[in-house]
Amino acid sequence: MNREAVGIKGFDILVQGGLLPGRVYILAGPPGSGKTTFGVQFLANGAKHGQCGVFLTMNESTDTIIDDMSQYSFGVPGFIKLNKLHFVDLGPMREYGYFERPENYRAADYETEAEAPSPRYVYEKIQEYIEKYDAKRIVIDSVSCIQFSSDDSAKQGKSVSRFIRNLKNLGCTTILLSEMTNPNAYTIEHFASHGVIFMHNFFDPGKNTMTRAVQVIKMRGTRHDCDMRTVEFSNDGIVVKGKIG
Ligand SMILES: Nc1ncnc2c1ncn2[C@@H]1O[C@H](COP(=O)(O)OP(=O)(O)OP(=O)(O)O)[C@@H](O)[C@H]1O
Ligand SMILES: [Mg+2]
């Protein structure tokens, strides 16, 4: 089977050369563990091979992400100019007080006036980029920022799986970034997706400092181990090194 290389040194070899195309993956981890960087590297590597990529952001402005990611060597500004890489802001664009002003009563960009985008809104945005630019790689930063309808947790779970099922039908290779502080708390998106990768950032008492690591938890159709490997940030972005322990 063909595989799509993520383009992260030391990572693709862990998953038989890359991700299976057209599938949906979860990349979960705590703050600063490298989720956004991993996602952008995946898109930049696709762009390098002619595939259009879209990064949908909800909790950071596109300007800030582009500035930060442009410091690395993987060519973000050039790919944006070539229309091979798109950063789309789906974050709460309304300032406090916006909806109180009469002229803005009907101006909500989302389906509702909710601050967070609905799954349908995110899905339709992706469709737009597929139609317009033939997008093949998608990153959503983050799934935790999507407004999954209900207060009822069973209904919410159904809404998450429905969203993932719909993404599977789009034909793009998709990575959903997910904020995670407890690595033992599996959630519905972990079960519903084709693959789950954990990024870690934990205190190592031996070194008296924080250690970053990556771990492939699940990857359907792929031989892999579940070991933790050290992650380092370099000028070329994330690099995966040796096993921990
Ligand atoms: N130019 C750079 N060179 C090396 N390392 C960098 C550079 N820019 C950022 N970093 C490292 O990357 C880390 C942030 O990574 P990233 O934004 O991918 O994490 P994240 O998991 O998305 O975090 P969050 O949950 O806050 O969104 C920083 O804390 C810093 O250590
Ligand atoms: Mg991030």
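**Figure legends: the predicted model in close-up**

Of the contacts in the protein between residues at least 6 apart in sequence, 68% join residues at least 24 apart; two residues are in contact if their C-beta atoms, placed from the backbone, lie within 7 Å. This is a predicted model, in which local features need pLDDT of at least 70 and side-chain atom pairs count only at pLDDT 80 or more, while totals for chains, interfaces and linings use all residues. Residues are numbered from 1 along each chain as its sequence is written, and chains are lettered from A and ligands numbered from 1 in the order in which they are written.

View 1. Helices (H or I, at least four residues) and strands (E, at least two) are DSSP runs, numbered from the N terminus. The C-alpha trace spans about 60 × 40 × 40 Å along its principal axes. Buried residues account for 37% of the 245 residues. A residue is buried if 20 or more other C-beta atoms lie within 10 Å of its own, exposed if 12 or fewer, and partly exposed in between, with C-beta atoms placed from the backbone.

**View 2. Ligand 1 is surrounded by 13 residues.** The closest are Gly 32, Lys 35, Thr 36, Thr 37 and Phe 233. A residue counts as near if its C-beta atom, placed from the backbone, lies within 6 Å of the molecule. Helix 1 (residues 35–48) gives the largest share of this shell, three residues. By class, the shell has three nonpolar, seven polar and three charged residues. Ala, Val, Leu, Ile, Met, Phe, Trp, Tyr, Cys and Pro count as nonpolar, Asp, Glu, Lys and Arg as charged, and the others, Gly among them, as polar.

**View 3. Helix 5 (residues 153–168) has buried residues Val 160, Phe 163, Ile 164 and Leu 167.** Seen down the axis of helix 5, its buried residues fall within an arc of 95°, so they line one face of the helix; the arc is that of the directions from the helix axis to the C-beta atoms. These buried residues pack against strand 1 (24–29), helix 4 (119–133), strand 5 (173–179) and helix 6 (188–192). The face turned away from the buried side carries the exposed residues Ala 154, Lys 155 and Arg 165.
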